[in-house]
Amino acid sequence: MPEALETPVKDATQPGSVPAAESKPEKARSLWSDAWHDLRRNPLFVVSAVLIVVLLTIAVFPGLFTSADPRHADLANHYLQKPKWGNFFAPDWFGYDVQGRSIYARVIYGARASIAVGVLVTLLVTVVGTVTGMLAGYFGGWIDTLLSRVTDIFFGIPFILGAMVVLTSFEERHVYVVILALAFLGWTQIARVARGSVITIKQADYVMAAKALGASTTRILLRHILPNAIAPVIVVATIALGGYISAEATLSFLGIGLAEPTVSWGVDISSGQEQLRNAAFVLIIPSIMVSITVLAFIMLGDAVRNALDPKLR
Amino acid sequence: MTIIDKTADVPAPRGSTENSGPLLDVRDLHVEFKTRDGVVKAVNGVNYSVSAGETLAVLGESGSGKSVTAQAIMGILDMPPGRIPQGEILFRGEDMLTMGYEERRKIRGQKIAMIFQDALSSLNPVLTVGYQLAEMFRVHQGLSKKDAKAKAIDLMDRVRIPAAKERVNDYPHQFSGGMRQRIMIAMALALEPDLIIADEPTTALDVTVQAQVMDLLAELQREYNMGLILITHDLGVVADVADKIAVMYAGRIVETAPVHELYKRPAHPYTRGLLDSIPRLDQKGQELYAIKGLPPNLLKIPTGCAFNPRCPKAQDICRTDVPPLLSVTERDGGELPGRHSACHFWKEQIHG
Amino acid sequence: MAELKKNDEAAVDATPNVMPVETVDASTTQEAVAAIEAPVERGEPILQVRNLVKHFPLTQGILFKKQIGAVKAVDGISFDLYQGETLGIVGESGCGKSTVAKLLMTLETATAGEVFFKGQDITKLSGRALKAVRRNIQMVFQDPYTSLNPRMTVGDIIGEPYDIHPEVAPKGDRRRKVQELLDVVGLNPEYINRYPHQFSGGQRQRIGIARGLALQPEIIICDEPVSALDVSVQAQVINLMEKLQDEFNLSYLFIAHDLSIVRHISDRVGVMYLGKMAEIGTDTQIYDHPTHPYTQALLSAVPVPDPEAREGRERIILTGDVPSPANPPSGCRFRTRCWKAQDKCAEEVPLLAVPERFKSSATPAAHESACHFAEEKDVVHAA
């Protein structure tokens with residue numbers, strides 16, 4: 001398809017590429033800088049990014065947001081006292097839970113566990129999944145057959161059910177145990193995306209050009225394949241991050257994720273259900289936090305996808 | 001097996017006299033696209049017309065606006081980001097741009113059909129070609145499944161697909177490139193349209209197949225007395241089949257001429273440059289003439305004549321005044337029908 | 001030469017299903033050529049291709065793969081490439097010309113046959129020795145949009161050869177070298193920090209050429225280097241390539257489907273059909289005195305941008321499509337579309353050799369052509 005130059009897309013929306021070079025001489029524009037340019041103008045991205053920055057700050061420096069101790073129980077502060085909606089940032093802002101602990105303080109301190117689970121699981125999953133997917137996709141043959149079958153096996157395990165099985169076998173469930181359990185089951189999604197993406201990229205002429213120059217496999221993988229194949233992985237990982245946070249909450253709610261004395265939203269939702277009819281806010285407030293966080297990451301993932309998707313540009 | 005035709009059968013102008021007005025008349029068409037970097041002015045005042053039985057070749061490089069014009073005619077522009085701020089597209093005297101959606105849809109496919117460059121991606125890969133052909137008759141003419149299929153086979157015979165009866169249930173990928181392009185032509189012909197727009201119909205094909213497909217297209221056009229707009233970048237293909245040529249550059253027509261005239265005496269430096277820059281099969285030349293510079297940036301079309309930064313003859317006036325598309329005449333003022341040039345110095349170009 | 005000959009026979013034995021193509025007998029060919037043309041200083045060929053074969057196996061089954069056939073992409077090709085010359089290879093899609101390029105670049109492993117670079121068979125090399133050969137044979141790709149890594153700057157792309165072969169240029173020198181290369185291919189050296197998508201197709205192809213030149217190779221294999229470019233830009237790139245050839249004494253293997261461009265740039269031309277060489281000779285021999293019917297049909301089908309030159313020309317319109325290389329016709333591969341085909345064509349594979357009838361005379365028709373009924377016919381010039 002040699003002279004296939006004039007596709008409508010190029011004709012219509014891309015002629016800017018060449019000329020842009022002439023009009024703005026020294027500004028280098030890569031896919032990432034273009035994506036950033038798009039993202040900054042996308043309200044979806046701005047809202048989700050602001051939310052995420054706030055949540056991360058809470059997770060890292062909870063002390064900045066409340067002076068109350070989330071584990072301090074004072075039965076005098078009974079959960080039947082309604083929240084004082086007007087007392088912003090005060091310990092009684094969201095009222096007290098069954099054991100008389102400040103819900104506001106618990107929500108603030110609970111962010112760390114939830115977000116740590118989300119971020120660390122995502123990091124682990126991305127590394128393991130990308131490496132597996134990249135090797136399977138690039139080398140093909142029996143390596144691909146082997147790795148893909150392993151991936152399929154893991155993919156076949158229902159996520160929450162699998163996590164339940166794994167976690168019940170642990171006596172003490174620290175945050176890192178939950179992280180490892182979720183990562184153990186979650187990497188397959190990334191591996192599949194990475195494999196598909198690598199298979200497309202490895203056929204590109206520039207990969208062949210590098211081979212023709214005598215480039216080593218490591219060089220081809222790191223310089224040519226990875227940077228070009230990573231975009232869809234990042235999109236999927238960002239969206240999955242929200243999923244891991246809700247998975248942690250789900251497992252903790254079921255009593256097999258994190259447990260007291262760890263402070264986490266899932267743990268609070270779990271303990272809140274007992275008094276659902278008397279004091280719904282005990283359950284609802286941590287639930288809202290989970291929802292906002294999950295939503296923020298999914299929105300971010302969507303925005304990043306739109307900015308990186310080559311079909312839209 | 002092989003037809004050797006000692007041909008002098010180069011199409012003579014076949015302009016029909018029975019119809020008074022042209023079939024399609026594009027007037028002062030403008031198309032622009034909004035992009036991140038600004039407004040891309042893809043088409044900037046294009047005028048052309050085609051009559052029944054006539055072949056107009058629209059010649060241009062990528063970014064010249066030749067395909068965008070065709071898409072505007074077919075009503076398949078992506079809007080947004082596309083926009084038609086100005087212009088008329090008259091089909092049998094009626095402006096298609098102001099028509100209702102339904103009316104327009106009826107013209108598209110039934111009266112005007114389009115052939116695309118890439119037949120594989122234009123055909124649905126999960127449906128048999130017979131089904132896709134028959135669908136045209138079922139939807140537009142309400143034929144029964146059986147009748148439609150019979151017509152589909154008939155059509156495949158028409159475009160000379162061998163063993164049409166057996167192949168009607170094959171899928172697009174089972175055909176070769178040339179055969180797929182024939183199927184595309186069959187689909188375009190199905191409803192016997194008045195006008196066919198072919199966008200680089202043979203670019204993706206091999207030379208030996210190219211000739212077959214072009215011949216078929218020309219023959220069918222003659223048979224059905226259709227108008228044909230042939231969009232291409234290939235000066236060679238144009239020379240074989242066109243009656244008249246419109247050369248586009250930066251969204252404008254810079255020259256129009258009957259086919260023989262254009263090659264003999266181009267009246268625009270861009271056309272001259274194009275002709276000089278292609279190597280010839282029958283001559284071994286020295287260094288090729290190359291038009292210097294780059295195709296224009298449609299975000300920032302040069303002032304004056306868009307070709308001026310690349311033109312060897314550019315003067316001050318070319319950098320300030322947009323040259324209108326003027327009628328070209330003989331040295332003694334004698335008329336040259338159908339010839340126009342958008343160059344301030346067309347006289348020097350054609351007579352000098 | 002004796003060594004070479006032996007290898008040929010071995011290759012033929014190894015692949016019994018491949019009909020042997022007569023080895024190019026360099027001495028007789030050259031005599032014939034020399035008789036016609038002003039003597040060209042050729043010297044030793046820099047690249048010798050002998051009976052090159054590439055079959056892609058067709059397999060069936062998922063776990064236990066069973067070979068059910070092979071796509072015979074390249075099926076016994078031999079030719080020489082001389083220092084400083086351009087050998088054009090033309091043919092339609094599927095004729096195997098791009099596979100030849102990949103085989104010469106050792107991007108694919110040959111099924112059989114040899115490729116001698118300065119007397120060394122590169123199909124048998126690996127590791128360090130192969131890397132050294134790769135420095136000397138570089139490639140320019142067809143599609144300037146996909147052959148440059150979009151995530152790398154122009155400087156990184158052109159400088160990558162130096163990262164891979166650090167012995168060519170010391171680290172501190174590289175930026176300057178890259179800028180020199182940009183200048184050589186006619187791009188502004190200040191563009192070094194830009195990304196490929198900021199350039200037009202023609203400019204990108206110049207970047208691709210600069211990358212090919214970086215290691216100062218002796219041979220550049222060009223696979224359709226201008227077919228993705230606009231007409232007005234094609235001429236610029238062709239002129240650049242010719243200029244570079246003179247400047248650096250490069251040998252080009254120029255693969256293309258556009259016969260006009262191939263004639264313009266090539267000293268000699270080979271015509272391929274379905275994995276075999278149909279005809280090979282100097283540009284005058286092939287274009288003005290073709291003897292193989294396929295070459296004649298191919299040439300006559302080329303649209304000429306001049307309606308008047310067109311009128312007197314004979315047109316040979318072939319029927320049908322190119323057969324599948326997985327199941328090529330017996331005997332002569334072109335016979336299914338050939339108007340001269342007879343029983344002999346189905347039974348006997350025509351060898352690539354100077355046809356018997358022209359052998360004694362010093363006519364330009366005396367060049368290698370793989371046809372049983374070779375006869376001269378000028379289809380390019382108006383009658």
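Across the interface of chain B and chain C, zero salt bridges are found, a salt bridge being a side-chain nitrogen of Lys or Arg within 4 Å of a carboxyl oxygen of Asp or Glu. This is a predicted model, in which local features need pLDDT of at least 70 and side-chain atom pairs count only at pLDDT 80 or more, whereas totals for chains, interfaces and linings use all residues. Residues are numbered from 1 along each chain as its sequence is written, and side-chain values use heavy atoms, with hydrogens and water left out.

| Item | Value |
|---|---|
| Residues of chain B in contact with chain C | 53 residues |
| Residues of chain C in contact with chain B | 50 residues |
| Area buried between chain B and chain C | about 4,700 Å² |
| Share of that area from carbon and sulfur atoms | 57% |

Contact here means heavy atoms within 4.5 Å, and buried area is the accessible area (1.4 Å probe) that two parts lose on being put together, summed over both. B:Thr208, B:Leu281 and B:Lys284 supply 16% of the area that chain B buries against chain C, more than any other three residues.

C:Arg211 lies in helix 7 (residues 201-213), helices being DSSP runs of H or I with at least four residues, numbered from the N terminus. C:Arg211 is buried yet has no salt bridge, and the nearest side chain of opposite charge, C:Glu160, is 5.5 Å away; buried means under 20% relative accessible area (1.4 Å probe, protein chains only). A polar atom of the C:Arg211 side chain does, however, lie 3.0 Å from the backbone oxygen of C:Ser147.

Technical notes. Chains are lettered from A and ligands numbered from 1 in the order in which they are written. Helices (H or I, at least four residues) and strands (E, at least two) are DSSP runs, numbered from the N terminus. Buried means under 20% relative accessible area, exposed over 50%, partly exposed in between (1.4 Å probe, protein chains only). Lys and Arg count as positive and Asp and Glu as negative; His and the chain ends are not counted. A polar contact is a pair of N or O atoms within 3.5 Å; within protein, one must be able to donate a hydrogen and the other to accept it, and residues adjacent in sequence count only if both atoms are side-chain atoms.
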